[in-house]
Amino acid sequence: MNLIQWAQSPWGQQVPTHISWTLLWVSAIGALAFLIVHALYVSIWAKPAAAHSATSSGATVAATARIPERVPRHNLSARLFHAIMALSMLALLFTAFLPKVGVKFPWVTYHWIAGIVLSISVVYHIFDAFLGQDFWSIWPDREDIEDAGRRMKRALGQGAPEPRKFAKYPLENKMYHLVVMLAGLSVIGTGLFMMKRVRTPFFPRNPYLFSDMTWGWMYVLHGLAGVGFVGLVTVHIYMAVRPEKFFITKSMIFGWMSREKYLEHHDPQRWPVAAEQVPATARPESKKAPA
């Protein structure tokens with residue numbers, strides 16, 4: 001199966017023009033298969049959540065009493081970014097792929113407008129993450145890797161120490177963020193250059209900015225990231241509506257989670273609530289147990 005579409009340039013050179021649209025169905029079917037397998041695993045094979053986390057977070061009774069009933073998780077800035085990013089991403093996917101499945105409409109203008117909105121929101125988010133949020137909380141650390149190994153061994157029936165409760169974000173959230181970041185930067189970077197091939201109010205059209213070969217591989221990378229987002233967004237929506245994960249979704253809407261959910265899923269020593277009250281642009285020392 002040829003995964004890349006090729007064409008012959010006026011000079012007789014074989015150049016890529018796009019990915020094979022078969023990959024769109026591969027991404028969609030792959031995401032659907034993941035949903036089915038995960039649902040079966042959770043309902044049949046997975047152990048209860050209590051078996052996968054330490055029975056004690058190490059927090060003292062006095063420290064627990066100081067935890068508010070509503071634990072702040074996402075500030076207004078982060079929630080607005082997530083909403084704008086989600087809407088622009090859905091607009092990009094619909095305008096890109098509906099014409100490929102037979103829905104005809106003047107999609108190009110809507111597509112690049114949604115791309116501009118996504119690009120601006122991502123640039124804002126990068127600065128906001130550095131200046132107004134705990135930048136390092138979303139990146140995997142040594143504790144995450146160790147606990148992932150423990151969970152895998154226990155899932156396979158092997159002996160392993162009990163995994164610790166999570167910090168602010170579980171490892172799967174951190175890995176998903178990393179994949180989305182790479183795909184997002186790919187689709188934004190290539191998309192902004194591709195705007196030179198269409199008429200927009202921002203700059204004159206210039207389809208000769210790059211060679212046919214460079215344009216071709218840019219379209220291939222843009223298409224790969226795009227079809228990847230079909231699967232990524234599908235999985236993200238599925239996880240967001242699962243009953244055991246819905247408290248995380250609610251925290252993205254309202255900005256907080258209950259004290260009970262915080263203590264059930266998170267370790268106050270790895271995610272101190274007090275650390276959310278001040279911006280942190282460097283890896284916080286507060287991840288360690290206080291003296």
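Visitor: What do β1 and β2 form, and which residue in the turn has a positive phi?

Guide: They form a hairpin, with five residues between them. G12 in the turn has a positive phi of about 80°. This is a predicted model, where local features need pLDDT of at least 70, side-chain atom pairs count only at pLDDT 80 or more, and totals for chains, interfaces and linings use all residues. Residues are numbered from 1 along each chain as its sequence is written, and side-chain values use heavy atoms, leaving out hydrogens and water.

Visitor: How do you know that β1 and β2 pair?

Guide: Count the bridges. Two strands pair if DSSP finds at least two bridges between them. Five bridges join β1 (residues 4-8) to β2 (residues 14-19), so the two strands pair. They run antiparallel. Q5 has H18 in β2 as its bridge partner. W6 stands opposite P16 in β2.

Visitor: What makes a stretch a helix or a strand, and how many does the chain have?

Guide: Both are DSSP runs, numbered from the N terminus. A helix is a run of H or I with at least four residues, and a strand is a run of E with at least two. The chain has nine helices and four strands.

Visitor: Why are α3 and α4 called roughly antiparallel?

Guide: Look at the angle. Helix α3 (residues 76-97) and helix α4 (residues 107-132) pack at about 155°. Angles run from 0 to 180 degrees between N-to-C directions. Roughly antiparallel means over 145 degrees, so this pair qualifies. The helix axes, lines fitted to C-alpha atoms over the stretch in contact, are 8 Å apart.

Visitor: Which residues of α3 and α4 meet?

Guide: In α3 they include F81, M85 and L92; in α4, among them are W107, Y110 and L118. Contact means heavy atoms within 4.5 Å. The residues of this contact divide into 15 nonpolar, seven polar and one charged.

Visitor: Why is D144 called buried?

Guide: D144 has a relative accessible area of 4%. Buried means under 20% (1.4 Å probe, protein chains only), so D144 counts as buried. D144 lies in helix α5 (residues 142-155).

Visitor: Which residues is D144 in contact with, leaving aside its neighbours within four places in sequence?

Guide: They are W139, L171, K174 and R270.

Visitor: What percentage of the residues in the chain is buried?

Guide: Buried residues make up 38% of the 291.

Note on methods
Parallel < 35°, antiparallel > 145°, perpendicular 65-115°, else oblique. Nonpolar A, V, L, I, M, F, W, Y, C, P; charged D, E, K, R; others polar. Buried < 20%, exposed > 50% of the residue type's maximum accessible area, 1.4 Å probe, protein only.
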